[in-house]
Number of protein chains: 2
Amino acid sequence: MRTLEVTDVGAACCAPLLREPLGAADAEQLAGALRALADPTRLRLLSIVAASDGQEACVCDLTAPVGLSQPTVSHHLKILTQAGFLTRSKRGTWAYYALAPGALDRITAFLATP
Amino acid sequence: MRTLEVTDVGAACCAPLLREPLGAADAEQLAGALRALADPTRLRLLSIVAASDGQEACVCDLTAPVGLSQPTVSHHLKILTQAGFLTRSKRGTWAYYALAPGALDRITAFLATP
């Protein structure tokens, strides 16, 4: 199975979605990544992390901006982490979430028009 | 409410998602567009249309490649059309679907990293 790698796209004239019909396996993989993004709370959390210093934020600073409980925020962060958009590290009491390099680029490379 | 316009992005240093925390209204709008894309059949249909001559295809040529009935395919095409990714025109017996210019660009502009 071909993976959603930017390097796979870089050598071609344009993005796979427009270059040739997407195969079933690639379509499943891309749809799964898009499902993880396709939620307003998750987009806001990802955006807050991405706009933070060092593109990293403590979970303790993420609940207030979206106005949700910590368990709910943690649930959304887990989905973003499992989909590869965020990485998680624990330091002391708190979990910190950082933007995973390249994850959004892999999505945009597939959707970009020439 | 700020709209998801590419021109809004072009003047800035980088994409809104990374520039500043996404507001609730923008997050709802972007999530809605991503939900329309986040389905493997819809991604394949969009990809087939985009890779067709003139980035346009007859619905009659779209059922066989995805192996689904015409009502099911039409349902997916309707979701993509309502979300603004495709345009629909009827010529004779058949409906033709074309890639809507700029629609994917508006998504990638919001998700792109500098």
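Predicted model: local features only at pLDDT ≥ 70, side-chain atom pairs only at ≥ 80, totals over all residues.

Colleague: Start with chain A. How many helices and strands does chain A have?

Modeller: Chain A has seven helices and three strands. Going from the N terminus, their order is α-α-α-α-β-α-α-β-β-α.

Colleague: What share of chain A counts as buried?

Modeller: Of its 114 residues, 46% are counted as buried. The accessible surface of chain A is about 5,200 Å², and carbon and sulfur atoms account for 52% of that.

Colleague: And the contacts in chain A between residues at least 6 apart in sequence: what percentage join residues at least 24 apart?

Modeller: That figure is 58% for chain A.

Colleague: On to the core. Which residues have the most contacts inside the largest nonpolar core?

Modeller: A:Phe85 and B:Phe85 do, in a core of 70 residues.

Colleague: What is A:Phe85 in contact with, leaving aside neighbours within four places in sequence?

Modeller: On one side of it in sequence, A:Phe85 contacts A:Ala33, A:Ala36, A:Leu37, A:Leu46 and A:Leu80, among others. The list also includes A:Ala98, A:Leu99, A:Ala100, A:Ala103, A:Leu104 and A:Ile107.

Colleague: Now between chains. At what angle do α3 of chain A and α4 of chain B cross?

Modeller: The axes of α3(A), residues 24-37, and α4(B), residues 40-51, cross at roughly 115 degrees and come within 8 Å. The crossing is right-handed.

Colleague: Which residues make that contact?

Modeller: From α3(A) they are A:Ala24, A:Ala27, A:Glu28, A:Leu30, A:Ala31, A:Leu34 and A:Arg35. From α4(B) they are B:Pro40, B:Leu43 and B:Arg44.

Colleague: And by class, how many are nonpolar, polar or charged?

Modeller: Seven are nonpolar, three are charged and none is polar.

Colleague: Different end of the chain. Why call helix α7 of chain B largely enclosed?

Modeller: Because seven of the nine residues of α7(B), residues 103-111, are buried. Those are B:Ala103, B:Leu104, B:Ile107, B:Thr108, B:Ala109, B:Phe110 and B:Leu111.

Colleague: Strands next. Where is B:Ala98?

Modeller: B:Ala98 lies in strand β3 of chain B, residues 94-99. At 15% relative accessibility, B:Ala98 is counted as buried.

Colleague: What does B:Ala98 touch, not counting residues up to four places away in sequence?

Modeller: B:Ala98 touches B:Val49, B:Gln55, B:Glu56, B:Phe85, B:Leu86 and B:Thr87.

Colleague: How many Å apart are B:Ala98 and B:Pro40, C-alpha to C-alpha?

Modeller: They are 19 Å apart in space, and 58 residues apart in sequence.

Colleague: You mentioned B:Gln55 as touching B:Ala98. What is phi of B:Gln55?

Modeller: Phi of B:Gln55 is near 50 degrees, which is positive in a residue other than glycine. B:Gln55 sits in the loop between α4 and β1 of chain B, and is partly exposed at a relative accessible area of 32%.

Colleague: What is phi of A:Gln55, then?

Modeller: Phi of A:Gln55 is near 50 degrees, again a positive value in a residue other than glycine. A:Gln55 is in the loop between α4 and β1 of chain A, and is partly exposed with a relative accessible area of 32%.

Colleague: Fine, that covers my list.

Note on methods:
Residues numbered from 1 in each chain as written. Chains lettered and ligands numbered in written order. Heavy atoms only, no water. Axes fitted to C-alpha atoms, helices over the stretch in contact; angles between N-to-C directions. Helix = DSSP H or I, 4+ residues; strand = E, 2+ residues; numbered from the N terminus. Left-handed = near helix turned anticlockwise from the far one by under 90°. Contact = heavy atoms within 4.5 Å. Nonpolar A, V, L, I, M, F, W, Y, C, P; charged D, E, K, R; others polar. Core = buried A, V, L, I, M, F, W, Y, C linked by side-chain atoms within 4.5 Å. Buried < 20%, exposed > 50% of the residue type's maximum accessible area, 1.4 Å probe, protein only. Areas by Shrake-Rupley, 256 points an atom, 1.4 Å probe, with all protein chains shown as cover.
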